[in-house]
Amino acid sequence: MTPEERLSELGLTLPKVVAPLAAYVPAVRSGNHVYTSGQLPVVDGKLLATGKVGAEVSPEDAHQLARTCALNALAAVGSVVGDLSNIVRIVKVVGFVASDPAFSGQPQVVNGASELLAEILGDAGKHARSAVGVAVLPLDAPVEVELVAEVV
């Protein structure tokens, strides 16, 4: 089954690439790797939530927002390589979680991104990862995800 077929099976579609907020591009290919810029939980040009996880945003909602970030990151990779079948594997994911000072569940939030990548890409979606708590993210987003993909 292709990644696109898995997306369809999950009831998802690859979104249009989110426009950059500043002077950068959504993804860059260097050799057989694609590096994405940080992707926010944006759907149809709108940020889905704002605030800190553990305060204004629940960990469960943040987990879902991380899935949206990962889907946007896949769209950015696809904009560079075309078909998602050109992804050999996801090498690294970095998730940033805007966290209330008392919140320490960043890994569980970023699992949303990791789980989605595995659902869509199978074993090729398994990756190394960092989950980092931060004070604030652009636009007061709760979560941001970037990734490195090996491609053909």
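## Ser114 in helix α3

S114 lies in helix α3; helices (H or I, at least four residues) and strands (E, at least two) are DSSP runs, numbered from the N terminus. This is a predicted model, in which local features need pLDDT of at least 70 and side-chain atom pairs count only at pLDDT 80 or more, while totals for chains, interfaces and linings use all residues. Residues are numbered from 1 along each chain as its sequence is written, and side-chain values use heavy atoms, with hydrogens and water left out.

S114 counts as buried because its relative accessibility is 12%; buried means under 20% relative accessible area, exposed over 50%, and partly exposed in between (1.4 Å probe, protein chains only). Not counting residues up to four places away in sequence, S114 touches H127 and R129, where contact means heavy atoms within 4.5 Å. With R129 there is a side-chain to side-chain polar contact at 2.9 Å. A polar contact is a pair of N or O atoms within 3.5 Å; within protein, one must be able to donate a hydrogen and the other to accept it, and residues adjacent in sequence count only if both atoms are side-chain atoms. S114 is 24 residues from I90 along the chain, and their C-alpha atoms are separated by 9.7 Å.

## Helix α3 as a whole

Helix α3 covers residues 106–121, 16 residues in total. From its first C-alpha to its last it reaches 23 Å, close to the 22 Å expected at 1.5 Å a residue; the expected span is 1.5 Å times one less than the number of residues. α3 has a kink of about 30°, centred on G112. The bend at a residue is the angle between axes fitted to the seven residues ending there and the seven starting there.

The buried residues of α3 are Q106, V109, V110, G112, A113, S114, L116, L117, I120 and L121. Their cover includes α1 (3–9), α2, β5 (87–98), β6 (128–134) and β7 (143–151). After α3 comes G122, with a positive phi near 65°.

## Helix α2

Helix α2 has 23 residues, which should span 33 Å at 1.5 Å a residue; its end C-alpha atoms are 33 Å apart, in agreement. Because 17 of these 23 residues are buried, α2 is largely enclosed by the rest of the structure. Just after α2, G82 takes a positive phi of about 80°.

N72, in helix α2, is buried, with a relative accessible area of 2%. Its side chain reaches the backbone oxygen of V42 at 3.0 Å. Leaving aside neighbours within four places in sequence, N72 is in contact with P15, V18, Q39, L40, P41 and V42. S79 is also found in helix α2, which runs over residues 59–81, but S79 is partly exposed, at 47% relative accessible area. A polar atom of the S79 side chain lies 2.6 Å from the backbone oxygen of A76. S79 and K16 are 63 residues apart in sequence and 8.7 Å apart in space, C-alpha to C-alpha.

## Nonpolar cores

The largest nonpolar core has 36 residues, of which V77, I87, I90, V143 and L147 touch the most other members. A nonpolar core is a set of buried Ala, Val, Leu, Ile, Met, Phe, Trp, Tyr and Cys residues joined through side-chain atoms within 4.5 Å. The elements that give two or more residues to this core are α2, β5, α3 and β7, and α2 gives the most, with 11 residues. A second, separate core of 5 residues includes L40, V42, L137 and A141. In soluble globular proteins, nonpolar side chains tend to be buried together.

I90 touches L74, L117, L121, A124, G125, K126, H127, L147, V148 and A149, not counting residues up to four places away in sequence.

Strand β1 (residues 27–30) pairs with β2 in the antiparallel sense over 4 bridges; two strands pair if DSSP finds at least two bridges between them. V28 stands opposite Y35 in β2. The hairpin has 2 residues between the strands, and in it G31 takes a positive phi near 65°.

S37 is in the loop between β2 (33–36) and β3 (42–43). S37 is buried, with a relative accessible area of 16%. Its side chain reaches the backbone oxygen of V25 at 2.5 Å. Leaving aside neighbours within four places in sequence, S37 is in contact with Y24, V25, P26, V145 and E146.
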